[in-house]
Amino acid sequence: MSTSVEAPAIPGMPAGKVGVWWFLASEIMMFGGLIASYMVFRLGSSGWHEASAHVSVALGAVNTLILLTSSLTVVQAFAAAERENAPALRLFLGLTILGGLGFLGIKAIEYTTEIRAGFTPGAGIFWSFYYTMTGLHALHVLAGIVLNAILFLAARVRTPRRVELAGLYWHFVDVVWIFLFPLLYLS
Amino acid sequence: MLNWMQWLPENVSTFGGDVDGVIRTIWYVTVAWFFITLGTLAAFLILYRRRAGRRAAYVKGERLREAAWVLVPVVVVVILDLWLDLLGAPVWAKVKIERPATDLTIQVTGKQFEWEVLYPGPDGKFGTADDRQLLDELHVPVGKPVHIIFKAKDVIHSFFLPNFRLKQDMVPGRTIEGWFEATKPGKYELPCAELCGFGHSGMKGWLYVHPPAEYEQWVKEQWPLA
Amino acid sequence: MNQARAGTITAEAVEHHAARGFWRTYVFSTDHKMIAKQYLTLGLAWTFVGGLLAAVMRWQLAWPDTAVPGWGEIGPEVYNMLVTMHGTIMVFFVAMPILLGAFGNFLIPLMIGTRDMAFPRLNMLSVWTFALASLVLFVSFFVPGGAASAGWTGYPPLSARPAYTGVNWGLNLWILAQALEFAAFLMGGVNYLTTAIILRAPGMTFLRVPMVVWQQITAAALFLLSVGPLIAGAVMLLLDRTIGTSFYAPEVGGDPLLWQHLFWFFGHPEVYVVLLPALGAVLEVLPVFSRKPLFGYRWIVGATIVAGGLSFIVWAHHMFISGMDPRLAMPFSITTILISVPFAYIVFAMIATLWRGSIRFATPMLFALGFLAMFIMGGLTGIFNGSAPSDIYVSRTYFVVAHFHYTLFSAVFFGGFAGFYFWFPKMFGRILSEPLGKLHFWLTLVFFNVTFFPLHHIGLAGMVRRIANPLQYEALVPYQWINVVSTVGTFCMVATQLVFALNVVWSLVAGRRAPTNPWEANTLEWAAPSPPPHLNWGPALPTVYCGPYEYSLPEAREDYLPQNLDPARAR
């Protein structure tokens, strides 16, 4: 039997990062389950074209742009934290939060318009998926906003790790949207 | 209690024997494994119980020579398991995928808490005036394949004929097809096998298998003008 | 919390941490050992409820439509609720908190030689979330319409429209309670995996990590990766019930089978999430009481990971006759048969561990052996279910009930008791009574078999599941005696647990104090005091020199070699 004393716990791998990646793995499975269900349903039946024509591609595209930009700003926020530049950190976190709020605002407009037009969640299987997928995603955006807001208020340049982790989560939320947009708006 | 096969109800279906054959083969294999493994376990417990002056052997089981003692039985398990699958595939296909041609089709719809049985009548088409609906009873002739269309009105039900070794879930929104052929006249219980609400317990019907003459008589009674 | 990561701390810091008052020590604790005990307490409380429900069910089955003493008559609606809640409680509120929550939390940091989990506050949040889930589920019994009654599997459309069951808030709360339970164990899973990956003590390589840790983290990974689709499905079910979406409603384009796919995609890995921690406990006990290395440690690790991976591609063996495309049956039959391979390896390796050992039959060992025997039985009957044509007949009958009780009960109870009796001295600093333990084992083993063995037979005779009155079926009337036998077995088995309860309470209060290493075992938790203090180790963390199963080394003086013992001193 070997009796070496030096042993690795994995150097350079902070606890928070490992934890957040496992958490994201479970989230990927959840959204993956929803998306897979949507795709199987869609491939198996007809008539979705008609329903999905009523979502606003323009607003969806704007939201996509907003989220992509906010992913950029959150990366800048992390860079600012690493450089110990508190004002820059605040600025970029603030922009990210504004992006998130903008996204939610536009979603609110979309939902209101659609519901007014009679497209409620009970209006058909497409709409069931639309509201559930974008709604669950929006809740995740909200959680991300809260997270970023906490970091904004703390503005702790001495813990760039936390900004990095929040950024990781934010990127995930963005990536989920990158899947939802074409599936729900463009097909 | 020792011969599990004796607990299966009487089989009166053409493919029931095939299903029973698979069950019986699995039973032989599993009983053999049961006695071999538990026998070995018991033997080791007796042989290697703690005794003064005797130390356990330091065997890690990681070198191939040692691991082989376990790997070889595992390979046997794999081979047996794959063989069981090969044995089962044609039986599954016979019951669930293929269907012999026949002119007798019956539609059974499960609903809370009874079987709605629909005969197409002499014209052979559903949805016409000569359709006949019965509740909780099916009538079929012996020795003739019967094509069943399974539907459900509200929740999932399951059509279970123990004496035929046939079971099929019925799902609202789906039309599922199956078949069976009876080999012996008689009266056979038809319980619902999927939890369908508070009336699930006791939800059952009866399948009446008639000798040919008796079946003709029954048909004449149902459709006197035909 | 930084102490969890720092290797060396001062003695003053240990003392400061320890003196924290009642609330911080027992209620709002971040100490993994206290959290483990909180999970254990909640799990044991639910065992009482789940067992009670089963006893009432079995009364109704043996003597239908007679009044249950202390309860009254059970109608079919109440029966469906009993069946549903028994299953839900046993899987999610007994098995998981005890096997994962309690054992995982207590053992992982101790076994890898660290002070606490990587995220102690998240750990506290997880047990509080579980407590909240428990509250929600408990409340669901008392809302108008009663608790959920669509089976623990909750198939729609029955579960999707309140009108079909007559249960409204009970089912909504059922979904909510499970969502909270999932959240609790997601937090726990993240913690276990991160801790095992980054907080191992110096010298503790992955291949020197005890089996318990491997099994716990594999179970955690399985749970993390499989629960997502069910969360999606559960959200869909809740929305179908409350705001009228149509995921499972075929009249509006939905499909009831979607739920089954999502449920079982999780459901199959879930049974391994329950099994693996129990297997870990048994794999830990067998070498200690055979005084022999675990046979094929690395192969077992490999087999566990392979089984975990395969568990994601077998799910539709729960759906052979569900109405899904019948051509899917044979592929899933094949994957199902393949998953028996790694488990066959592990079972054979366990038996091989006994070969040429020096076996002591202490209570933990008895339960471990009981697990082995009963699990073999359960695994074998699984083959009848996994072969599609055979499953045409046995599915939805009591044969399946017998199969999963032989596997799950042996995991949760035989495996769980093996672990409990083994680690009780470490957890509570007291020794349990051996004679009472042995009595508990033998009575449980006998009555378990009296209860469940005949269910195979009555299943083969055609008794379907979830029926409140077997006498309604002509074919079953001659076999009613089996139901009576099974019920009597149930009552005796439940009564036997009083022996266990007595043993635990008495030992906690007046039992002999436990030494540090009463079983002469190798793993690191036995190097800490019984019970370990807050932050587990003194000023310095242990250093690890060898693997966990170095028993009966030919050249060593003792027949065991603790992992933190410098081998130069063993000669």
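Q: Leaving aside its neighbours within four places in sequence, which residues is Val136(C) in contact with?
A: Two residues are in contact if their C-beta atoms, placed from the backbone, lie within 7 Å. By that rule, Val136(C) is in contact with Leu173(C), Leu176(C), Ala177(C) and Leu180(C). Val136(C) itself sits in helix α6 (residues 120-139) of chain C. Helices (H or I, at least four residues) and strands (E, at least two) are DSSP runs, numbered from the N terminus.

Q: How should I read these numbers and letters?
A: This is a predicted model, where local features need pLDDT of at least 70, side-chain atom pairs count only at pLDDT 80 or more, and totals for chains, interfaces and linings use all residues. Residues are numbered from 1 along each chain as its sequence is written, while chains are lettered from A and ligands numbered from 1 in the order in which they are written.

Q: Why is Val136(C) classed as partly exposed?
A: Count the C-beta atoms, placed from the backbone, within 10 Å of the residue's own: 20 or more others make it buried, 12 or fewer exposed, and anything in between partly exposed. Val136(C) has 19 others within 10 Å, so it is partly exposed.

Q: How far apart are Val136(C) and Phe295(C) in sequence and in space?
A: In sequence, 159 residues separate Val136(C) and Phe295(C). In space they are 44 Å apart, C-alpha to C-alpha.

Q: Which residues have the most contacts inside the largest nonpolar core?
A: A nonpolar core is a set of buried Ala, Val, Leu, Ile, Met, Phe, Trp, Tyr and Cys residues joined through C-beta atoms within 7 Å. The largest one here has 305 residues, and Val282(C), Val285(C), Ala368(C), Phe371(C) and Ala418(C) have the most contacts inside it. Helix α5 (residues 76-112) of chain C gives the largest share of this core, 25 residues. Domain 1 (10-48 + 58-97) and domain 2 (105-222) of chain B both give residues to this core, so it lies between them. Those bounds come from an automatic or database domain assignment.

Q: What does Val285(C) touch, leaving aside its neighbours within four places in sequence?
A: Val285(C) is in contact with Pro364(C), Met365(C), Ala368(C), Ala418(C) and Phe422(C).

Q: How many helices and strands are in chain A?
A: Chain A has six helices and zero strands. Of its 187 residues, 35% count as buried.

Q: What do the buried residues of α1(A) pack against?
A: In chain A, they pack against α5 and α6 (160-186). In chain C, they pack against α8 (169-198), α9 (211-242) and α10 (256-290). Among these buried residues are Trp22(A), Phe23(A) and Leu34(A).

Q: How many residues of chain A are in contact with chain C?
A: There are 32, and they meet 42 residues of chain C. Helix α1(A) gives the most to this side of chain A, 14 residues. By class, the side has 18 nonpolar, twelve polar and two charged residues. Here Ala, Val, Leu, Ile, Met, Phe, Trp, Tyr, Cys and Pro count as nonpolar, Asp, Glu, Lys and Arg as charged, and the others, Gly among them, as polar.

Q: Which chains share the most contacts?
A: Of the two pairs of chains in contact, that is chains B and C. Chains A and B do not touch; their nearest C-alpha atoms are 11 Å apart.
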